[in-house]
Structures are given as structure tokens and as C-alpha cells.
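Please read this briefing alongside the sequence and the structure shown below. The points are grouped by topic.

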Protein chains: 4
Amino acid sequence: MSDAKEALERARTSGWSGRLWSAITPIYDAILEHPFITGLVSGDLDVETFRHYIIQDELYIRDYAKAISVLAGKAPTWRATQEFTDHATSATKYESELHESVVRELGGRSTMIDDAKPSPTALAYINFIRSHVHGSSFVDGVASILPCFWIYAEVGIHLGELGSKNKAYQNWIDSYQDPAYVDAVIATLDIMNGIGAELGPQDENRTLDIFVTGSKYEWLFWDAAYRRETWML
Amino acid sequence: MSDAKEALERARTSGWSGRLWSAITPIYDAILEHPFITGLVSGDLDVETFRHYIIQDELYIRDYAKAISVLAGKAPTWRATQEFTDHATSATKYESELHESVVRELGGRSTMIDDAKPSPTALAYINFIRSHVHGSSFVDGVASILPCFWIYAEVGIHLGELGSKNKAYQNWIDSYQDPAYVDAVIATLDIMNGIGAELGPQDENRTLDIFVTGSKYEWLFWDAAYRRETWML
Amino acid sequence: MSDAKEALERARTSGWSGRLWSAITPIYDAILEHPFITGLVSGDLDVETFRHYIIQDELYIRDYAKAISVLAGKAPTWRATQEFTDHATSATKYESELHESVVRELGGRSTMIDDAKPSPTALAYINFIRSHVHGSSFVDGVASILPCFWIYAEVGIHLGELGSKNKAYQNWIDSYQDPAYVDAVIATLDIMNGIGAELGPQDENRTLDIFVTGSKYEWLFWDAAYRRETWML
Amino acid sequence: MSDAKEALERARTSGWSGRLWSAITPIYDAILEHPFITGLVSGDLDVETFRHYIIQDELYIRDYAKAISVLAGKAPTWRATQEFTDHATSATKYESELHESVVRELGGRSTMIDDAKPSPTALAYINFIRSHVHGSSFVDGVASILPCFWIYAEVGIHLGELGSKNKAYQNWIDSYQDPAYVDAVIATLDIMNGIGAELGPQDENRTLDIFVTGSKYEWLFWDAAYRRETWML
């Protein structure tokens with residue numbers, strides 16, 4: 001087992017991060033069993049649905065990158081500022097690469113992102129993060145962005161082991177195998193554990209609640225993409 | 001027609017507020033036709049559903065009052081600060097009265113609010129407002145809180161004219177007839193029109209989009225209460 | 001000794017608030033000995049200097065009231081939201097009364113506030129508070145507004161016991177004797193002690209540092225008014 | 001004349017940026033004539049004073065980088081987010097290089113930054129920026145960080161033409177000649193001009209006022225370092 005995988009396992013099983021993860025194991029299991037995820041592996045997932053997902057993800061990642069930037073600006077230590085500044089840069093670049101891949105591999109148009117609007121679930125998730133990153137304390141903000149960061153690393157490893165029969169899906173899976181990405185997740189969990197050691201019971205409960213809700217949004221986001229959810233009015 | 005009703009009509013039909021309202025007339029019409037609203041008038045609305053709605057509304061109003069306070073703190077003129085400080089005080093008091101009425105008239109328990117969690121739609125709406133009030137410019141924040149403020153005044157007048165066969169529902173309807181409430185809405189629309197006169201085209205588009213989305217959340221909030229919406233996981 | 005004075009003494013000598021106060025006793029002593037304060041009592045303070053101070057104070061209180069509103073919107077409990085909403089309303093009204101008193105008793109013009117610009121020290125103090133209230137966690141924000149709130153209550157009691165030979169100064173001193181004001185300070189200290197019980201060592205140090213700096217600004221604000229400080233360019 | 005110098009001249013003399021610059025020419029001239037700046041050229045500036053300045057600057061740049069990150073997170077266009085994310089990364093790296101240079105060339109200790117506290121003027125400037133970046137609209141935030149960004153580019157060119165007799169000072173001067181730095185300033189001015197074209201008169205006045213005050217802080221920051229300013233209590 002690589003150092004990175006060991007570090008991820010340690011994060012899932014000990015300290016403040018261990019308590020956070022144990023609160024979401026049913027949600028994480030539900031994600032792995034979702035037809036979107038199993039369809040990525042089998043290759044049965046409709047390419048139109050996947051393209052729809054990628055466009056929604058691109059919209060989401062733009063706001064995600066912005067959220068990470070705000071956290072870099074609110075971080076209580078210079079080390080955390082440096083980490084989050086790096087993550088924001090990576091997320092910004094990742095969005096561009098994702099966009100190119102949509103156009104190149106999935107037959108999208110380059111203006112697709114400009115015409116797109118977030119689905120109800122995507123908008124709810126984006127505003128959940130914006131709300132906590134801008135309006136709550138730093139640790140609440142970190143708790144709101146952590147599910148996406150962390151669950152993708154775990155899902156990425158899971159999917160990396162299974163692979164996909166569809167080349168475009170495999171390329172997407174590979175993008176989450178990037179060791180730099182996993183290292184960034186580990187660094188963030190390390191910062192979170194440092195903060196966690198200082199939290200009183202009320203802060204712990206609030207932060208845990210935000211983390212669980214964010215994890216629900218992860219499942220809901222896959223599900224909304226799978227249903228190609230639209231606005232009721 | 002009273003001065004207040006004239007002022008509301010002027011707001012709906014002229015200036016920047018007129019442009020905002022004309023963008024949501026289909027949504028407003030859909031609200032008036034929703035079975036929750038028509039059921040309030042006929043008295044056919046299930047009291048359990050109404051109690052569920054009130055609890056969700058109470059959770060919402062707490063965050064709404066907090067949002068108004070933040071806007072009071074971000075307002076660009078002292079007059080706007082004074083107005084929004086007054087609104088925040090009113091919203092805070094209204095939440096207490098609503099709570100007492102649930103316990104007294106609807107057979108609720110006084111701890112009901114402490115046990116309650118926002119439904120998916122209520123949380124999405126709350127975070128939509130928090131997101132803009134904390135993370136966007138002042139005018140965006142005002143655009144996010146305005147649909148609730150304004151649509152309730154209009155719905156209140158509409159329901160006031162029709163009345164309800166159910167006494168508890170009638171009492172609730174009466175609470176939105178309060179002239180002080182309508183005056184507060186008119187003052188806010190006046191502030192919004194003052195800001196609107198200074199907006200460039202990009203700001204106008206963004207603000208209009210926020211206002212329309214907030215109005216959709218109004219319909220969705222009634223609808224979620226009617227469906228007694230729960231979390232999928 | 002009244003209940004309020006007992007409550008203030010308890011706050012100064014025990015709990016988290018006791019630790020905060022003990023860190024600023026030298027600063028508090030320096031404030032009581034400042035010629036501005038001793039001149040208020042003896043009546044020797046130049047009326048022009050006092051008027052200059054009131055104008056700067058009025059500018060400051062506007063931003064102070066706005067800061068309290070933002071804290072009402074960020075408060076982690078509904079009780080704290082209710083308290084801070086009340087304080088914001090009081091501060092907003094107090095500003096108006098102060099303004100009228102300047103015009104009426106001190107020979108000021110009613111447009112004085114519109115022409116005024118904050119002095120370098122007033123601007124530094126305002127931005128210190130805005131910076132923490134908007135950009136830091138809730139407890140940091142409370143720590144930034146607490147010195148003004150608390151020190152004025154103590155200075156008010158001190159001056160109330162000594163009195164002033166100048167009628168206008170006596171009226172101003174009386175405004176800080178208002179039992180509602182002292183009760184608001186006690187309620188805020190109570191909230192602060194509740195939060196303090198949950199803070200880890202890093203949060204404590206950061207919060208303490210903010211509180212001490214805010215207290216320095218209190219002395220600096222009196223001193224800048226006494227010197228009728230102007231901008232160097 | 002290089003393209004970059006031409007672009008800077010155009011920014012100073014036309015459009016919204018031209019109006020901003022024309023409001024601060026007396027302040028800019030006062031900066032060039034300040035003994036700190038003339039002492040850098042002649043080499044007469046005390047090295048102890050320069051080291052004191054660098055430490056204060058390092059503290060300042062940490063908060064400056066954080067402010068840029070927050071602006072990246074609040075930017076109304078994705079292009080502006082990308083630009084500001086890049087600037088934040090550059091500012092974060094620049095701080096590290098500056099720190100090494102203090103230790104290496106100016107005989108500083110590596111723990112110097114950990115022991116340092118911002119001077120009154122440095123703290124006032126930091127809080128001025130934090131206050132606007134966190135608590136005001138995006139354009140106000142940009143107006144608050146722009147003076148440092150822009151004036152350093154101009155002072156850098158000015159000093160680059162004159163040179164310094166002191167090798168350590170010359171190295172510092174060279175760091176502001178970096179074409180990537182000047183390009184970043186030009187990109188920011190371009191974004192500012194885009195926003196400026198949409199501003200109404202009230203927004204223009206407020207933004208201009210923030211920009212002028214920030215420029216005063218530039219002069220005050222040099223001056224405070226020159227005086228090795230300390231806290232009065």
C-alpha cells in the first residue's frame with residue numbers, strides 16, 4: 001500500500017477526521033452503489049448523461065475553486081493559506097482541462113459552459129458551500145468543501161481499481177488518480193485534524209452536521225445528474 | 001385604494017422594481033394557483049401540513065432575520081442601515097409570535113422548533129440567501145431577500161381579500177395584513193429602486209437572475225411543505 | 001451595590017471575561033488618567049475639542065451599529081441573534097440622539113456629520129472592527145466590538161460617580177448611565193463567557209489579542225480627539 | 001518604450017484607471033520624494049530601518065495575499081477569478097522569497113517574522129484592506145488592493161531607472177522589475193476598467209475615495225517604517 005493510501009486510511013480511522021468519516025459511511029456506501037458510479041465502471045452509463053454531469057460539474061468546480069480561494073483568505077495560519085492557495089490554483093486549472101475534455105472526447109461545444117445553468121441540486125450544493133465559506137467560521141467552511149475533496153479521492157481510488165470499459169470514462173477516472181490531488185486531500189485533512197483538536201463540543205456538533213450534509217449533496221449531485229434533473233418552473 | 005396598495009402597484013409597474021416584477025409574473029401566478037394557497041382559502045388544507053409548513057417557515061425566518069441584519073451591516077447608506085435594522089427587529093419578533101401561535105392554535109409543542117431540521121428545499125432557499133447576503137454585493141443580497149418580502153405582501157393582500165374558512169389560517173393571513181409590514185416592503189422597494197438607477201447592464205442581469213431564482217424558491221417552498229418533503233438519505 | 005454593578009464586577013474578575021479584563025487593566029487605567037477624561041470631570045475640556053470628539057464618535061457609532069448587525073447575522077445561537085439585533089437597534093437610535101445633542105447643546109450644525117471624515121485613528125478603529133466582524137470568526141468579531149461596549153460602561157460608572165461641572169458634559173455622561181445600556185453589556189459578556197468556555201488555546205490567544213488591540217484603540221480614540229488629529233496628507 | 005510601459009502609461013492617462021490615477025498624483029509625487037525612497041537610491045538609508053521595513057512588509061504581504069484570494073473568490077467573472085488566483089499564488093511565493101532575502105542579505109534571523117507585530121500604520125493598512133475585501137462589494141475590494149499593486153509597479157520602474165548604490169537595495173528594486181509582476185498589474189487595471197465602465201456615480205465616488213485612502217496608506221507605510229513607528233501603549 002502506498003504512503004498516500006496509508007495516510008488516507010489513517011485519516012478515515014483516527015482523530016477528528018476519523019469521527020467525521022464514520023458519520024458518513026452509509027452515505028459513502030450509497031454513492032458507490034449508485035447506478036451513475038456502477039455505470040461508469042460497466043460503461044453502461046449513457047454518454048449524454050455523462051456529458052450533462054460534466055457540464056454541471058464544471059459549473060460546480062468554478063464555485064468550488066472560488067470557495068477554496070475564500071478559505072485561503074480566511075485561514076488562521078499561514079501554512080493553511082499556502083495550502084489552500086495551491087488547491088485553488090489546481091481547481092482552477094482542473095476546470096479548464098475538464099472543459100477541453102468535454103469538447104474533445106465527449107463531442108461537446110466550446111460554448112456549452114456559457115449556456116449552462118446549474119440544476120436545482122447543483123445550485124443547492126453551490127450555495128451550501130458559498131453560504132458556509134462566506135458566512136460561517138473557517139472550520140465550517142472547511143467542513144463544507146471537505147466532502148467533495150475527500151469523497152472524490154476515495155471514489156477515485158475505488159474506480160481506479162475497477163477501471164472502466166469506456167475510454168472517455170477511464171480518462172476521467174485517471175484524472176482523480178493524480179498523486180498531487182491525493183496529497184492535497186491529505187494536507188487538508190491534516191489541517192482539519194489540527195483544528196479539530198481545538199474544537200469545543202458545540203463547534204464539533206455544528207461542523208459534523210455541515211460535513212454530513214455536504215456528503216449528502218455528493219450523492220444528490222450524482223443522482224441529479226443521473227436523472228438529468230430540471231427546474232420545476 | 002389605500003396609499004399602501006397604490007405604492008405597491010406603482011412598484012410592480014414602474015422603475016427597476018417594475019422590471020423585476022414583470023420577470024416573475026408567471027411564477028407569482030403559479031403561487032396563487034398552488035393547492036397550498038387555494039387550500040388555505042377553502043380551508044381544505046390539512047392542518048398537519050400547515051403545521052409542518054409553519055415549523056419550516058420558522059426555521060427559515062430565523063435565517064431570514066439574520067440575513068436582513070447582515071444587509072443592515074453592509075448597506076451603503078445610513079438610511080438603508082436604519083431601515084434594515086428595523087426589518088431585522090420585526091422579523092425576529094415575528095418569529096416568536098409565529099412560534100407561540102403554532103403552540104397555541106395548531107396544537108404544537110414548544111420544543112418543536114428545537115427538534116426540527118430544514119427540508120431539502122428549505123435548506124436550499126436558506127443557503128441561497130446566506131450565500132448572496134454574505135458572499136455577493138449588497139444589491140445581490142437585497143435581490144435574494146426581496147422575493148419573500150414582496151411576494152408575501154402581495155399574497156397577503158390576495159388572501160386578505162378572499163379570507164379563509166379556517167380560523168387558524170385566517171389568523172395567519174391577518175399577520176401579513178399588518179400595515180407596518182407593508183410599509184417595510186415599500187421602503188425596501190424604494191431603496192432597491194434607488195440602487196437600480198445606478199446599475200450597469202451586467203449588474204442588472206445578475207441581480208434580475210437572483211431575484212427570479214428567489215421567486216422560484218418561494219413556489220418551491222410552498223410546494224415542498226405541501227408534499228411534506230423529506231431527505232432522500 | 002446594584003445588581004448591574006455586581007454583575008459587572010463579576011465579569012471583570014471571573015471566567016473568560018475576567019481573563020480578558022485583567023489583560024487590559026493598564027490600558028483602562030491609562031484611559032481614566034487621560035486629560036480628555038479628567039477634563040470632562042473638571043469641565044476644563046475645550047468645548048471645540050468635545051464637539052470634534054462627538055462628530056468622530058458619531059461616524060464611529062454608525063459603523064459600530066453596522067458591525068453589531070453583522071454579528072447578529074453571524075451569531076451561532078438564536079438567543080445571541082436576538083441580543084445583537086436589540087443592541088444594533090439601540091446603537092442606531094443612540095447615534096440619532098447624539099447627533100441632536102450636538103446640534104442643540106454644543107452649537108453644531110445639522111449637516112456636520114455629512115461633511116465629516118474619520119480621523120486616521122477613527123478610520124483605523126472602524127476598519128479594525130469591520131475587518132474582524134466581516135472577515136474573521138464570530139468570536140473574533142465579538143472580541144473586536146467588546147472593548148468599546150464594556151469600557152464605556154465602566155468609564156460611564158466612573159464618570160457618573162465623579163460628575164462634571166459642565167452641563168453639556170454631564171448630559172453626555174448621563175447617557176452612559178442608562179440601565180438598558182449596562183444590561184446590554186452584561187448580556188454580551190454573558191454570551192462571550194459562554195463562547196469562551198468552548199475555546200481552544202489558539203482561539204483564546206487570538207481572541208485575547210484582538211480584545212487588547214481594541215482596548216488600545218479606545219485610548220487612542222480619546223487621544224486622537226484630544227489632539228484633533230488630522231491626516232498627514 | 002516597452003509594451004508594458006506603454007500599457008501602464010495608457011492606464012494612468014485614460015479610462016476609469018486614468019481618473020483614479022489623476023486623483024493620487026500629489027500622493028504619488030510625495031512618495032517619490034520621501035527620504036525612505038531617496039535613501040534607497042543614494043544608499044544612505046539605514047540598513048536597520050530597511051530591515052524593519054521588510055519585516056513589516058512581510059506581515060503586510062501575508063494579509064495582502066489573503067485579500068487577493070478573497071477577491072478571487074468574490075470575482076463576478078471567471079476570467080477575474082483566474083487572474084486573482086494567479087496573483088494570490090505569486091504574492092504567496094513572493095513573501096517566502098522576501099523572507100529568505102532578509103535572512104540572507106540583511107542579516108535577519110529566520111524567526112524574525114514569527115516574533116514581529118504590525119506597527120500601528122501597518123495594522124491600519126491591513127485592516128483597511130481586510131475591511132473592504134471582506135465587507136464591501138468586489139469593486140471596493142479591488143480599489144483597496146490596487147494602490148499597493150499599481151504604485152509599486154510605478155515606483156519599481158522609477159527606482160529601476162535610478163538604481164541604488166547599495167547591493168541589497170538594488171536586489172530588492174530588481175524584484176519589482178519582474179515583467180510577470182507588471183503584467184499582473186496591467187491585467188488588474190484592465191479588469192478594473194471593465195468594472196469602471198458599469199459604475200454609477202455613487203459607486204464611482206465611493207470607489208475613488210477608497211483608492212485615494214489606500215494610496216495615502218502607501219505613503220504612510222513608508223513613513224512609518226522610516227520613523228520605526230511603535231505603539232503608544
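Buried area is the accessible area, taken with a 1.4 Å probe, that two parts lose on being put together, summed over both. By that definition chain D and chain C bury about 2,000 Å² between them, and 64% of this area lies on carbon and sulfur atoms. This is a predicted model in which local features need pLDDT of at least 70 and side-chain atom pairs count only at pLDDT 80 or more, while totals for chains, interfaces and linings use all residues. Residues are numbered from 1 along each chain as its sequence is written, chains are lettered from A and ligands numbered from 1 in the order in which they are written, and side-chain values use heavy atoms, with hydrogens and water left out.

**Chains C and D**

- The contact, which means heavy atoms within 4.5 Å, takes 23 residues from chain D and 23 residues from chain C.
- D:Arg130, D:Met232 and D:Leu233 supply 28% of the area that chain D buries against chain C, which is more than any other three residues.
- Chain D is superposed on chain C by a rotation of 180 degrees with 0.0 Å of shift along its axis and an RMSD of 0.0 Å, the relation of a two-fold axis; copies are superposed by least squares on the C-alpha atoms of residues with pLDDT of at least 70 in both.
- In chain D, the C-alpha nearest the axis belongs to D:Ser131, at 2.0 Å from it.
- Because 100% of the interface residues of chain D are also interface residues in chain C, the copies meet through the same surface.

**Chains A and B**

- A rotation of 180 degrees, with 0.0 Å of shift along its axis, superposes chain B on chain A with an RMSD of 0.0 Å.
- The C-alpha of B:Ser131 is the one in chain B nearest the axis, 2.0 Å from it.
- Both copies use the same surface, since 100% of the contact residues of chain B recur in chain A.

**Helices H5 and H6 of chain D**

- Helices here are DSSP runs (H or I, at least four residues), numbered from the N terminus.
- The axes of H5(D), residues 47–74, and H6(D), residues 78–105, come within 8 Å and cross at roughly 160 degrees, where axes are lines fitted to C-alpha atoms over the stretch in contact and angles run from 0 to 180 degrees between N-to-C directions.
- H5(D) and H6(D) are therefore roughly antiparallel to each other, a term for angles over 145 degrees.
- The residues that meet include D:Ile54, D:Ile61 and D:Ala65 in H5(D) and D:Phe84, D:Ala88 and D:Leu98 in H6(D).
- The residues of this contact of H5(D) with H6(D) divide into 13 nonpolar, 6 polar and 5 charged.

**Helices H7 and H8 of chain A**

- The axes of H7(A), residues 120–135, and H8(A), residues 138–162, come within 7 Å and cross at roughly 150 degrees, which makes H7(A) roughly antiparallel to H8(A).
- Among the residues making the contact are A:Tyr125, A:Phe128 and A:His132 of H7(A) and A:Asp140, A:Ser144 and A:Cys148 of H8(A).

**B:Arg62**

- B:Arg62 is found in helix H4 of chain B, residues 47–74.
- Not counting residues up to four places away in sequence, B:Arg62 touches B:Glu95, B:Ile113 and C:Trp78.
- From C-alpha to C-alpha, B:Arg62 and B:Ser42 are 29 Å apart in space and 20 residues apart in sequence.

Note on methods
Helices (H or I, at least four residues) and strands (E, at least two) are DSSP runs, numbered from the N terminus. Angles under 35 degrees count as roughly parallel, over 145 as roughly antiparallel, 65 to 115 as roughly perpendicular and the rest as oblique. Ala, Val, Leu, Ile, Met, Phe, Trp, Tyr, Cys and Pro count as nonpolar, Asp, Glu, Lys and Arg as charged, and the others, Gly among them, as polar.
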